[in-house]
Amino acid sequence: MTASVGENCVESKTTLAELAPLQAVLFDIDGTICDSDPLHHYAFREMLQEIGFNGGVPITEEFFVDHIAGKHNDDIAEFLFPDDIQRGLKFVDDKEAMFRRLAPEQLKPVNGLYKVKKWIEDRGIKRAAVTNAPRANAELMISSLGLSDFFEALIVGSECEHAKPHPDPYLKALELINVSKDHTFIFEDSVSGIKAGVAAGMPVVGIATRNPEHLLMEAKPVFLIKDYEDPKLWAALEELDKK
């Protein structure tokens with residue numbers, strides 16, 4: 001898998017450097033600024049087991065990645081409860097409430113996040129958070145990580161005409177902070193999110209926090225990083241600075 005990450009390195013530098021002068025960086029939230037997927041997996045696993053889903057057998061991480069991670073709650077509700085969408089919607093709402101109870105104590109930033117935050121602030125680059133998560137979750141995660149004053153805008157998928165993997169949330173972000181897609185890039189950790197960014201016409205740096213690298217690469221990020229300390233990222237940012 002590692003080879004696939006490296007192979008895209010040269011292409012990525014060129015692509016990010018072509019954005020000069022950089023105007024903005026857009027961030028997904030779950031799995032991109034904080035490693036929240038284990039909490040989501042835990043909440044889904046506990047609550048689904050409680051109602052006897054899958055014959056009472058706990059869902060696996062593979063099931064979570066394939067069918068839940070990065071997807072919008074309406075789609076998750078329909079997938080889990082195809083015969084009773086209303087029950088599905090109520091279920092995902094209850095699950096989000098459980099997540100919000102767990103999150104303040106257990107959320108941790110993705111490694112190197114505050115280093116990249118400082119790089120962005122030092123250069124006066126605009127930034128926004130773009131998520132498929134419910135607004136209450138997004139605001140909680142942002143404030144728990146001390147980022148409330150960092151983001152100039154928060155765009156929520158359910159408040160757009162279409163959520164990710166459609167480009168709408170990212171296009172709305174460009175509009176809200178008044179920047180061009182030709183001078184903006186995105187950090188994303190899910191297939192759905194990378195597809196949304198690519199469809200919006202921007203280069204996406206994929207973060208392999210939890211999702212399998214080969215799946216992320218299929219969504220066509222410019223390159224993948226392990227976290228914000230990854231030398232590939234800093235080589236690309238240095239290249240951008242030189243421009």
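Reader: How many residues does helix α12 have, and what does it reach from its first C-alpha to its last?

Author: The model is predicted: local features need pLDDT of at least 70, side-chain atom pairs count only at pLDDT 80 or more, and totals for chains, interfaces and linings use all residues. Residues are numbered from 1 along each chain as its sequence is written, and side-chain values use heavy atoms, with hydrogens and water left out. Helices are DSSP runs of H or I, at least four residues, numbered from the N terminus. The expected span is 1.5 Å times one less than the number of residues. Helix α12 (residues 231–242) has 12 residues and reaches 17 Å, close to the 16 Å expected.

Reader: Which residues of α12 are buried?

Author: An α-helix has 3.6 residues a turn, so residues three or four places apart point the same way. Buried means under 20% relative accessible area, exposed over 50%, and partly exposed in between (1.4 Å probe, protein chains only). In α12 the buried residues are Lys232, Leu233, Trp234, Ala236, Leu237 and Leu240.

Reader: Where does Leu171 sit, and is Leu171 buried or partly exposed?

Author: Leu171 belongs to helix α9 (residues 168–177). Leu171 counts as partly exposed because its relative accessible area is 38%. Its C-alpha is separated by 9.8 Å from that of Cys160, 11 residues apart along the chain.

Reader: What does the lining of the largest cavity have by class?

Author: Nonpolar means Ala, Val, Leu, Ile, Met, Phe, Trp, Tyr, Cys and Pro; charged means Asp, Glu, Lys and Arg; the others, Gly among them, are polar. The lining has 7 nonpolar, 8 polar and 9 charged residues. A cavity is a set of points on a 1 Å grid over the protein atoms alone where a 1.4 Å probe fits but cannot get out, and lining residues have an atom within 4 Å of a point. Helix α3 gives the most to this lining, with 3 residues.

Conventions: Helix = DSSP H or I, 4+ residues; strand = E, 2+ residues; numbered from the N terminus.
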